[in-house]
Structure formats: C-alpha cells, structure tokens
Amino acid sequence: MSTTDPRESESPASAPQSPAFGPELRARDLHLAYDGRPVVENLNLTVPTGRITAIVGANACGKSTLLRALARLLTPRQGVVELDGVALRSVPTRELARKLGILPQTPVAPEGLTVLDLVGRGRSPHQTWWRQWSAADEEAVHAALEATSLTDLAERPVDELSGGQRQRAWIAMAVAQGTPVLLLDEPTTYLDLAHQIDVLDLITDLNRREGRTVVMVLHDLNQACRYADHVIAMKAGRIVAEGAPADVVTEATVEDVFDLRCRITPDPVSGTPLVIPLGRHHHDGNSRTEDAVSTR
C-alpha cells in the first residue's frame with residue numbers, strides 16, 4: 001500500500017473533491033473606492049462554486065479591497081455583488097452570516113478569550129432569542145476543533161498560542177460558522193513557512209471534504225498555484241487574467257502584473273507552475289544576453 005500523501009502528488013484541481021454546494025458569488029460592473037479615490041474599476045467576476053480561488057497581484061492592486069466588497073464590508077460606488085443572484089446589500093445580516101464567512105488579515109481576540117470561546121462565537125448567526133445554544137452548536141464547535149487539530153488546546157487563551165495555532169483557531173471559528181462560502185484575506189501573513197503550509201493544507205482539507213467555496217488573497221505565487229483551482233491576477237484595480245494556474249501564471253503575466261522577469265518550470269511535487277524570479281544578480285543565460293543588449 002502506498003504511503004504517499006495525496007497532497008504531495010496532486011494539485012487541488014486533480015484531487016478528489018466533494019460535490020460543490022452553496023450559493024454562487026458574483027460581482028457585476030464593480031467600482032470601489034476609499035475616500036473618493038478609485039481602487040477597483042469596472043470589475044466583473046464569478047467565483048467558481050465549490051473550488052479554491054486565489055487572488056494574486058502586487059501591493060495596492062485592489063486584492064483586499066475586492067475581498068472586502070465580496071464580504072459586504074465595503075459598499076461599492078457602482079455595481080453590485082450578488083449571492084445566488086440576490087444583491088448582498090438586500091440580504092439580512094444574520095442570514096448573510098450563515099452563508100458567507102470572512103477571516104480578515106489580522107483579527108484580534110479579546111484578552112483572555114479561550115480557543116473554545118472563540119470558536120463558539122462562530123455559532124452566533126445560528127442563534128436567536130427563541131433558539132439559544134443547542135446540541136447542534138456543541139457538535140459544530142467540537143467538529144471544528146477536531147478539523148483544525150485544536151481539541152487539546154480548547155481551554156488555552158488565544159493570546160498564548162503560537163502564530164500558526166492562533167490562525168488555526170480563527171479558521172476553526174469560521175468552520176464552526178458553517179458557511180458554504182469562506183473568504184480569507186492573506187491567511188498566511190506573519191506565519192513561518194511550516195505554519196503557512198499547515199494553514200493551506202487545512203483550507204484544502206475543508207474544501208475537499210465539504211465542497212466549501214474558498215476565496216483567498218495570497219502573496220506567494222507558488223503557493224497559489226499549488227493550492228488553488230482558480231487564480232485571479234489583478235493589476236491596478238482590474239483583472240488581468242483568470243483561470244487555471246497553468247493558464248494564468250505565465251512568464252508574460254508575471255512580468256506584466258509584478259514587473260518581474262521570471263522563468264516558469266513545473267513544480268517537481270505538484271506539477272503546477274513554479275515561478276523562479278530573475279534579478280540583476282541571479283539570472284539565466286538568456287537574461288545576461290538581454291542585459292548586455294540593453295546596456296549597449
């Protein structure tokens with residue numbers, strides 16, 4: 001019997017997945033701004049249901065701004081974000097919180113709050129004055145703790161956890177919330193490499209087991225290629241390219257979006273595109289020829 005971890009030999013697109021479920025998230029003719037300054041203009045997007053989508057691009061290109069609009073945290077100047085054809089602005093807040101969850105870049109838990117209490121807060125949208133904490137809520141919380149390998153840390157204060165554990169705790173809260181759509185803004189920020197992979201593996205597990213739709217902003221192109229089924233490349237508030245990683249992450253697109261020359265080679269583990277940056281001090285023979293020509 002093979003002992004190879006399927007994550008080491010399969011990209012998300014080729015790996016077995018649960019059937020897609022949940023609503024379709026779409027943006028039409030979207031214009032977004034901060035203090036009157038345009039950030040995103042005339043953007044149209046349909047998020048693949050039941051898949052993992054990664055949004056990539058240079059700093060200040062509008063990635064996080066777009067995610068905030070998809071989560072109804074930012075009101076569009078023009079256009080609309082829809083969930084199954086219904087404008088987000090018309091969906092009651094509690095109902096929306098049962099369908100769509102968001103994890104911002106640097107969430108902060110109240111001092112002394114335990115992991116168990118934090119994860120339990122994910123069940124708030126499911127409670128009303130006539131329906132308080134139930135056996136179903138208890139089961140959802142413990143299932144989320146188990147899925148994120150946090151059961152043994154349930155009574156620990158969140159502020160005593162390591163960076164990777166803390167991020168898993170916040171993801172566990174989103175898991176307990178039970179939303180079919182999950183939006184993650186740079187979920188690997190401030191984590192060391194081992195914890196980054198830990199978090200991305202967890203997100204992939206949730207998608208494969210339950211078919212949840214995931215949209216996440218990532219800075220690492222190679223991680224986006226490994227873990228996403230669908231990649232969206234943004235530049236100056238617009239979508240430059242979108243599709244399967246191999247169709248989007250090309251040498252031409254990387255140079256256009258990031259102003260960075262590179263070489264693309266197949267990842268020896270996943271087979272997805274592997275970006276090798278080129279610079280003045282580290283380049284291949286072709287780059288040296290190009291540099292020589294440019295200095296004449």
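In the predicted model, aspartate 29 is partly exposed, because its relative accessible area of 29% falls between the limits of 20% and 50%. This residue lies in strand S1, which spans residues 25-34. Although aspartate 29 is not a glycine, its phi angle is positive, at about 50°.

A positive phi also occurs at aspartate 259, again a residue other than glycine, with a value of about 55°. Aspartate 259 is placed in the loop that links helix H9 (251-258) to strand S11 (262-266). With a relative accessible area of 70%, aspartate 259 is exposed, because this value is over 50%.

Glycine 178 is located in the loop between helix H5 and strand S7 (181-185). Its relative accessible area is 35%, and glycine 178 is therefore classed as partly exposed. When residues up to four places away in sequence are left aside, glycine 178 touches Arg98 and Arg212.

Two packed helices are described by the angle between their axes and the distance between the axes. The crossing of H4 and H5 is right-handed. On the H4 side, the contact is made by Ala140, Val141 and Ala144, while H5 contributes Ala172, Val175 and Ala176.

A disulfide is a covalent bond between the sulfur atoms of two cysteines. A search of the whole structure returned zero disulfides. Cysteine 225 has a relative accessibility of 0% and is therefore buried, being under the 20% limit. Cysteine 262 counts as buried as well, because its relative accessibility is 2%.

Confidence in the model was examined along the chain. The mean pLDDT of the protein is 86, and 87% of the residues reach 70 or more. Over residues 1-10, pLDDT stays under 50, and the model has 10 contacts beyond four places in sequence for this stretch. Residues 288-296 likewise remain under 50 in pLDDT, with five such contacts beyond four places in sequence.

Note on methods: Residues numbered from 1 in each chain as written. Predicted model: local features only at pLDDT ≥ 70, side-chain atom pairs only at ≥ 80, totals over all residues. Heavy atoms only, no water. pLDDT = per-residue confidence, 0-100. Contact = heavy atoms within 4.5 Å. Disulfide = S-S within 2.5 Å. Buried < 20%, exposed > 50% of the residue type's maximum accessible area, 1.4 Å probe, protein only. Left-handed = near helix turned anticlockwise from the far one by under 90°. Helix = DSSP H or I, 4+ residues; strand = E, 2+ residues; numbered from the N terminus.
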